[in-house]
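Trainee: Hi! I'm new to this one, could you walk me through it?

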Amino acid sequence: APQNYDVVVIGSGGAGLAAAIQACDEGAHVVIIEKMPTIGGNTIKASVGMNAAETRFQKLKGIEDSKELFYEETLKGGKFKNNPILLREFVELAPEAIEWLASHEIELNDITITGGMSIDRTHRPADRSAVGGFLISGLVKNVNKRNIDVLLETSVAEILFENDTVTGVKVVDEYNDSRILNAKSVIVATGGFSANREMVVKYRPELDGFVTTNHKGATGSGIAMLQKLGADTVDMGEIQIHPTVEQTTSYLISESIRGGGAILVSQEGKRFFNEMETRDKVSAEIIALPEKSAWVIFDEQVRLNNKAADEYIGRGFVVSAPFPNELALKINMDQDALQQTLARYNQFVEQQHDDDFGRATALRHPLNHGPFYAIRIAPGVHHTMGGVTINTDTAVLDSHKQVIDGVWAAGEVVGGIHGANRIGGNAVADIIIFGTLAGRRAAAHARR
Ligand code: ADP
């Protein structure tokens with residue numbers, strides 16, 4: 001006999017878990033369905049943090065910020081292609097989402113910065129570790145406390161829709177057995193499609209051959225299922241390549257390393273761009289270098305300020321040396337060139353002005369504390385800004401902007417919020433803001 005639920009959540013990334021917790025707290029009987037053997041989706045790999053303006057934690061640190069500025073900088077970063085109504089909602093609800101997490105014992109009270117932002121507004125864990133693992137483990141604790149059903153290695157093959165409303169989902173388990181789960185509401189939180197090479201190349205042929213930072217489950221199945229119900233899509237060709245990906249492991253080198261003071265240096269030993277520009281622009285500059293790759297260079301002070309650095313060292317792809325000239329030797333770089341580049345950059349830090357490339361943020365401290373470190377990087381496919389269309393209730397819309405009854409979507413599966421380029425720290429904000437909202441709306445719909 002089919003099982004009955006109020007709310008089915010498809011996907012166990014940040015958006016799905018937040019949605020499930022919120023729906024449960026509003027009295028709904030909830031199940032989370034995850035096709036992979038583990039919980040956390042691509043969210044578990046999120047590195048830098050969660051952006052929000054006018055938060056309690058910013059105020060505690062004396063950081064003055066405004067929602068208006070956050071809105072403007074995100075819109076500029078997105079090349080003015082963002083859906084302005086969704087972006088307003090996003091910026092407005094961001095500080096509440098920070099508080100929602102804090103009230104669920106997930107406190108992001110340390111603050112840093114990412115490319116394209118002018119103010120420290122990227123919230124991260126107190127120990128400055130990567131946000132993804134911290135976030136997912138905190139959300140999972142909340143899911144377990146509420147005894148929410150989680151089905152792993154179970155994939156949703158179809159969303160069932162009859163008489164103008166959703167009726168449930170068809171799932172296929174690890175033994176390839178399929179069955180029906182009845183539901184009054186379905187939340188699609190299936191993430192993006194960066195790991196679906198065919199789909200990426202269909203929209204952006206020039207990205208063939210690029211590595212991806214994403215987990216295997218990022219295949220875009222939610223988009224296809226929703227299209228079958230008539231859902232519209234937007235910005236499908238807007239695919240973000242992240243500038244700093246270690247190519248032998250496809251491991252992402254967090255923007256928080258640059259945000260903590262690191263620089264980018266070409267094989268020639270020279271800086272070539274403002275490291276704190278948006279991801280699209282930094283990526284384009286790296287691809288334009290003769291080697292199509294570059295080096296992230298930092299010193300001991302940057303390492304001490306960023307837990308991720310130790311993880312990279314542990315993974316074995318960081319070259320280190322006590323002095324810059326020895327580092328240069330190890331990476332086949334001209335020794336004088338690197339030393340001159342560091343000396344010149346350190347002078348910019350001293351004067352808090354970058355005469356060469358106009359880096360205006362994260363001129364944190366001179367890079368002069370050995371050991372020195374280098375990681376070879378090149379861009380990789382990282383985030384799909386496009387996806388299904390929603391309204392400010394997270395209800396999925398068809399091509400006539402009409403709501404498809406009983407279906408909500410949140411997280412990377414949704415298009416429009418980030419426009420043509422997502423700002424680092426805005427994906428985690430997106431999944432918590434719109435995930436909790438989807439949970440609330442889906443629970444209310446189930447009570448109807
Ligand atoms: P977001 O950041 O938007 O929360 P994530 O990528 O973190 O997205 O999580 C999406 C999750 O959804 C992944 O764990 C992925 O394996 C899962 N998923 C994708 N498609 C399906 C499907 N058809 N059935 C079940 N789970 C799915």
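Trainee: Which polar backbone atom is 3.0 Å from an oxygen atom of the ligand?
Mentor: That one belongs to asparagine 42. Keep in mind that this is a predicted model. Glycine 14 also has a polar backbone atom facing a ligand oxygen, at 3.3 Å, and for glycine 41 the distance is 3.5 Å.

Trainee: And how much of the ligand's accessible area does the protein cover?
Mentor: It covers 97% of the 580 Å² that the ligand has on its own.

Trainee: Let's switch to pockets. What's the volume of the second largest pocket?
Mentor: The second largest pocket has a volume of about 310 Å³. Its lining counts 15 residues, and those nearest its centre are Lys76, Gly116, Met117, Met276 and Glu277.

Trainee: Which element gives the most to that lining?
Mentor: That's α3, with three residues. Both α3 (67-77) and α9 (279-287) supply at least two residues each.

Trainee: And which domains does the lining of that pocket draw on?
Mentor: It takes at least three residues from domain 1 (3-194 + 385-447) and at least three from domain 2 (241-381). By class, the lining of this pocket has six charged, six polar and three nonpolar residues.

Trainee: Which residues line it?
Mentor: The lining of the largest cavity includes Ser47, Val48, Arg124 and Arg128, along with Ser254, Ser256 and Asn306. Counted by class, there are five polar, three nonpolar and two charged residues in that lining. Domain 1 (3-194 + 385-447) and domain 2 (241-381) each contribute at least three residues to the lining of the largest cavity.

Trainee: New topic: the backbone. Where is there a cis peptide bond?
Mentor: Go to the bond from glycine 370 to proline 371, which is cis with omega near -5°. Proline 371 sits in the loop between α13 (335-351) and β16 (372-384).

Trainee: And what is phi at glutamate 153?
Mentor: Phi there is near 50°, a positive value in a residue other than glycine. You'll find glutamate 153 in the loop between β6 (149-151) and β7.

Trainee: Why point those two out?
Mentor: Because most peptide bonds are trans, and most residues other than glycine have a negative phi.

Key. Residues are numbered from 1 along each chain as its sequence is written. This is a predicted model: local features need pLDDT of at least 70, side-chain atom pairs count only at pLDDT 80 or more; totals for chains, interfaces and linings use all residues. Side-chain values use heavy atoms; hydrogens and water are left out. On a 1 Å grid over the protein atoms alone, a cavity is a set of points where a 1.4 Å probe fits but cannot get out, and a pocket is an open set with protein on both sides within 12 Å along at least five of seven lines; lining residues have an atom within 4 Å of a point. Ala, Val, Leu, Ile, Met, Phe, Trp, Tyr, Cys and Pro count as nonpolar, Asp, Glu, Lys and Arg as charged, and the others, Gly among them, as polar. Domain bounds come from an automatic or database domain assignment. A polar contact is a pair of N or O atoms within 3.5 Å; within protein, one must be able to donate a hydrogen and the other to accept it, and residues adjacent in sequence count only if both atoms are side-chain atoms. Accessible areas come from the Shrake-Rupley method with a 1.4 Å probe; for residues, only the protein chains shown count as cover. Helices (H or I, at least four residues) and strands (E, at least two) are DSSP runs, numbered from the N terminus. Grid points are joined across faces, edges and corners, and a volume is the space filled by probe spheres set on the points.
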